[in-house]
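Reader: Hi! I have a new structure open and would like to talk it through with you. Could you help me find my way around?

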Amino acid sequence: MTAGSVSASLTSVSDAVDVTLHSPSTSQLSVEEKKRFLEAPATTNVALDGTATQSSTGDNSHTSDAANGIDGNRYDPSNVVHTENDQPDPWWKVTFNSMVLVDNVVFFNRGEHAGFTERAKDLIVEVLDSRGAVPVTVKTHQFSGVPPYGPSGVTFPFGVWGNEVKVSLEGENRLLNFYELEVYATPSDVPSPSPSDAPSPSPS
């Protein structure tokens, strides 16, 4: 592979497709590479207008705040999501003001230091409908192993309705620590389903 090139691996998981970009260097991807991966007609990163929350804050400072995951800074090590160390089942989520039809979720993993990428091992991505009394998980995807440094995406070929996207880890003594989460949604004239019409959780 030549310098600056990008390879993509596609693995079908239920009706989601796991798309992982492998950059030959540890530096930030070029503008051309990011555009090729992320840009699609009629999609918008709706996470920028969402509200972020997380299970805990690592050091109670702005450098670890939940909002850092949706501020557009993909590779700033001083501006990351960071839950408490050694926490059971840590999570982070972004909530939207209305239902959106989610096409792609892009997770930007850390990796500027040894061991950082491993913090996201077996990361779980969920699209939820939380309008009812009990949130409904509409679709779940779990990465197999460790997402690499940089962007890793989950694509839903037919779109998934939801008003929250959540990332989490399972198990004791875990730490959720990443740069950014981007949620690309396609505008649609089709009305979103009501809470009573929301589909039952489906396995990934």
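**Starting from a glutamine**

Author: Happy to! Let's begin with Gln54, which is found in strand 4. Keep in mind as we go that this is a predicted model.

Reader: Thanks. Is Gln54 buried or exposed?

Author: Gln54 counts as buried, because its relative accessibility is 12% and the cut-off for buried is under 20%.

Reader: And which polar contact joins the side chain of Gln54 to another side chain?

Author: That partner is Thr57, with a polar contact of 3.1 Å between the two side chains. A polar atom of the Gln54 side chain also lies 2.9 Å from the backbone oxygen of Ser56.

Reader: Which residues does Gln54 touch, leaving out those up to four places away in sequence?

Author: Gln54 touches Ser64, Asp65, Ala66, Val81, His82, Trp91 and Trp92.

Reader: How much of the protein is buried?

Author: Of the 204 residues, 46% are buried. As for contacts, if you take those between residues at least 6 apart in sequence, 74% join residues at least 24 apart.

Reader: Let's do strand pairing. How many bridges join strand 6 to strand 9?

Author: There are 14 bridges between strand 6 (residues 91-109) and strand 9 (residues 150-168), and the two run antiparallel. To find the pairing on screen, look for Val105, which stands opposite Val154 in strand 9.

Reader: What about strand 7 and strand 9?

Author: Strand 7 (residues 124-129) is also antiparallel to strand 9, with five bridges joining them. Here Glu126 stands opposite Lys166 in strand 9.

Reader: Charges next, I always want to know about those. How many salt bridges does the structure hold?

Author: Four salt bridges. One of them is between Arg74 and Glu182, whose closest N and O atoms are 2.6 Å apart. That pair links distant parts of the chain, since Arg74 is in the loop between strand 4 (51-54) and strand 5 (81-82) while Glu182 is in strand 10 (residues 177-185), 108 residues apart.

Reader: Are Arg74 and Glu182 buried or exposed?

Author: Arg74 counts as buried at 17% relative accessibility. Glu182 is buried too, with a relative accessible area of 3%.

Reader: Which residue meets Lys93 in a salt bridge?

Author: Glu164 does, at 3.5 Å from N to O. Lys93 lies in strand 6 and Glu164 in strand 9, so this pair ties together parts that are 71 residues apart in sequence. Lys93 is partly exposed at 22% relative accessibility, whereas Glu164 is buried with a relative accessible area of 7%.

Reader: And which residue meets Arg131 in a salt bridge?

Author: Asp129, at 3.0 Å from N to O. Arg131 counts as partly exposed at 33% relative accessibility, and Asp129 counts as buried at 2%.

Reader: Switching to rings. How many aromatic pairs does the count come to?

Author: Six aromatic pairs. Among them are Trp92 and Phe178, which sit edge-to-face at 5.4 Å centre to centre, with 90 degrees between the planes. Trp92 lies in strand 6 and Phe178 in strand 10, so the pair ties together parts that are 86 residues apart in sequence. Both Trp92 and Phe178 are buried.

Reader: Why is the pair of Phe107 and Phe178 tilted?

Author: The ring centres of Phe107 and Phe178 are 5.0 Å apart and their planes are at 45 degrees, so the pair is tilted. Phe107 lies in strand 6 and Phe178 in strand 10, so this pair ties together parts that are 71 residues apart in sequence. Phe107 is buried, with a relative accessible area of 1%, and Phe178 counts as buried at 0% relative accessibility.

Reader: Which residues do ring pairs link into a cluster?

Author: Tyr75, Phe108, Tyr149 and Tyr179.

Reader: Last one! Where does the charged end of Arg119 sit?

Author: The charged end of Arg119 sits over the ring of Phe116, 4.1 Å from the ring centre.

Note on methods. Residues numbered from 1 in each chain as written. Predicted model: local features only at pLDDT ≥ 70, side-chain atom pairs only at ≥ 80, totals over all residues. Heavy atoms only, no water. Pairing = 2+ DSSP bridges. Helix = DSSP H or I, 4+ residues; strand = E, 2+ residues; numbered from the N terminus. Salt bridge = Lys/Arg side-chain N within 4 Å of Asp/Glu carboxyl O. Buried < 20%, exposed > 50% of the residue type's maximum accessible area, 1.4 Å probe, protein only. Polar contact = N/O pair within 3.5 Å; in protein donor to acceptor, adjacent residues only side chain to side chain. Contact = heavy atoms within 4.5 Å. Phe/Tyr/Trp six-rings, centres within 6.5 Å; stacked < 30°, edge-to-face > 60°. Lys NZ or Arg CZ within 6 Å of the ring centre and 35° of its normal.
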